[in-house]
Amino acid sequence: MRIKLHWKMTIVFCLLGAVLLAAAYVYLNPRLKAFIERDIEDNIRRELFLCRELLGPGDLKDADTLADRMGSSLGLRVTIIAPDGKVLGDSDIGGVELAGIENHLDRPEGQQALKEGFGHSRRYSYTLKKYMMYSAVVLGGDRPAAILRLIMPVSSITEFEAKMQKILIVALAAIFLLSLVLSVIVSSVVTRPVSRISSAARSIAEGDLSARAIVSSDDEIGDLAKTMNYMAGEIRSKMDRIASGEAKLETVLSGMVEGVILTDEKGAILMANPSARKMFFIDTAPEGRTPIEVVRKSSVQEITDRILREGHKTAVEEIQLSRPDERSVKVSAAAVMKEGEISGALLVFHDITELRRLERVRQDFVANVSHELRTPLSSIKGYSETLLDAGVKDAKDQKEFLGIIYRESDRLAKLIDDILDLSKIESGKMAMVFLPLDLRPVVKRVCSILENQAAAKSLGISADIPEGLPHLLADEGRLSQVILNLLDNAVKYTPEKGSIRISAAQDGGFVRVDVSDTGAGIPEEDIQRIFERFYRVDKARSRELGGTGLGLSIVKHIVQAHGGQVSVKSAPGKGSVFSFTIPSV
């Protein structure tokens, strides 16, 4: 027997509606009961507190009459109990019966009311032979005068809950009937156009809008599925190849660091990848415009014309950009061929600024090293030749020459050691062990190394390291090297009878160390380059004092390897303050 889609949908909707309504009943019924009970309890509690506020001390003189009036007004049983448990009044019991009623001191709601001001319990009443709900409140402020208790049969609550349950069942049944009617209507509306959609989809797939399909499905959904599968099978094989190629190309171009611009045979831009837009600050759609309009660099337009107009297959050129800073860009252009003809140009932009900078650094480093090595080597060679030629016969002069050779060779050794240290730090091959470190003993040890050197110039070195300063997370040997280099420079360039001070203070999650001196200071134009390799403010005096020109560069790289920063504040004639930060524990 063939079942129409219309009836299938109707049955499914009905079953779904029945399940949902049953779940709604299971969910709502206990919560509705709980809500009703809470609401009744809250109402009784409010009535108790209201009665407590309205009753005065004099109202308790005739407690039984008061209980009768309150019970009649509230529709509940009211009991007034003395603090010692004696029943003073009851709305359902009076006269002789009231005098013979048992002591109520042990009632849980009364005990709770005396302790907390309000008590509530639900228990079985052996007197009334049924479950009751008890609520009590204390009357009389700081010194309880009595306990006011309201009693309500649990059966009353149960009857009210049963009525609400019937209402819920009727409401859910009405909703089910309404959903049944709506499911019939909706299924009819939904299934009516399915046949039309199925035949139209097949017509679109075959290109014949008047065609009709012969199918073996049992319902309209089957027809639609077969038709859509057929159409999807025809279209998908073609569209997938196109989409896959476009997605791959777009992924490659978007992920490239190099900028890429593609033009047509007339020189109009067809596509520019994100890197090209970022490199040339292209904030509007570049499509349809020429490279010079977008890049605003005539050399880029010239290399494009070389491909499109002059017929070159490839071209390479290096250009300079000035926005936002100076950059070097290598432009590689290639012709896009189609059936043996040039149909466009592909421009690839490589940012080689860092490569050019590294080349300059290498050249400068080689030149500086050669120059620095030549001076001591020339001195060693000259004095050695003089001694070897026996041109110096005086022992004093010979000793002086040998001393010069020793100092120059020592300076040469220091220079080579500094170069090796700097190379290790920059390459990350210098092993560092970061451990919690107390700064005070490190400073004290470094200062002791320079004591004799400072005493020779009558310099005063003072250290101001607070006792409560956090420990540093640092390599002890490298931190000592940083402080030693800074203090050694201060001693060398501070005139006699000057002073040098090293201090430290917490700076957020870092500890800042300052090394200040009363030396000649550093001109403003030299401050920006003071941490460069081989840079010296006073080259002649630096060599005279045995400096290699690498100490501050080593300081900078060690501090940066610790995650800190190094800086300097100075002015001619006012001394200098070198500062660096190291993360604290």
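Predicted model: local features only at pLDDT ≥ 70, side-chain atom pairs only at ≥ 80, totals over all residues.
**Confidence.** I began with the pLDDT of the protein chain. The mean is 79, and 81% of the residues reach 70 or more. I then looked up residues 539–546, where the pLDDT is below 50. In the model this stretch has 12 contacts beyond near neighbours in sequence.

**Helices α15 and α18.** I noted that two packed helices are described by the angle between their axes and the distance between the axes. For α15 (residues 476–493) and α18 (residues 551–561) I found an angle of about 145° and axes 9 Å apart. The crossing of α15 past α18 is left-handed.

Which residues in α15 meet α18? I listed R478, Q481, V482, N485, L486 and N489 on the α15 side. On the α18 side I listed G551, L552, I554, V555, I558 and V559. Sorted by class, this contact has seven nonpolar, four polar and one charged residues. I also wrote down that an α-helix has 3.6 residues a turn, so residues three or four places apart point the same way.

**Surroundings of α18.** I checked how α18 sits in the rest of the structure. Eight of its 11 residues are buried, so α18 is largely enclosed by the rest of the structure. The buried residues are G551, L552, S553, I554, V555, H557, I558 and V559. After α18 I came to G563, which has a positive phi near 90°.

**The five-stranded sheet.** Next I traced an open sheet of five strands. I read its order as β12-β14-β15-β17-β16, and the pairing is mixed. Which strands stand at the edges? They are β12 (460–464) and β16 (566–570). Each has a single partner strand, so one side of each is left without a neighbour in the sheet. Neighbouring strands here are turned by 15° against each other on average, direction ignored.

Strands β14 (residues 499–507) and β15 (residues 510–517) are antiparallel and pair over eight bridges. I looked up S503 and found D514 in β15 as its bridge partner.

**The β1–β2 hairpin.** Last, I turned to strands β1 (residues 77–81) and β2 (residues 87–90). They run antiparallel and are joined by three bridges. I81 stands opposite V87 in β2. The two strands form a hairpin, with five residues between them. What is the phi of G85 in the turn? I noted that it is positive, about 100°.

Technical notes. Residues numbered from 1 in each chain as written. Heavy atoms only, no water. pLDDT = per-residue confidence, 0-100. Contact = heavy atoms within 4.5 Å. Axes fitted to C-alpha atoms, helices over the stretch in contact; angles between N-to-C directions. Helix = DSSP H or I, 4+ residues; strand = E, 2+ residues; numbered from the N terminus. Left-handed = near helix turned anticlockwise from the far one by under 90°. Nonpolar A, V, L, I, M, F, W, Y, C, P; charged D, E, K, R; others polar. Buried < 20%, exposed > 50% of the residue type's maximum accessible area, 1.4 Å probe, protein only. Pairing = 2+ DSSP bridges.
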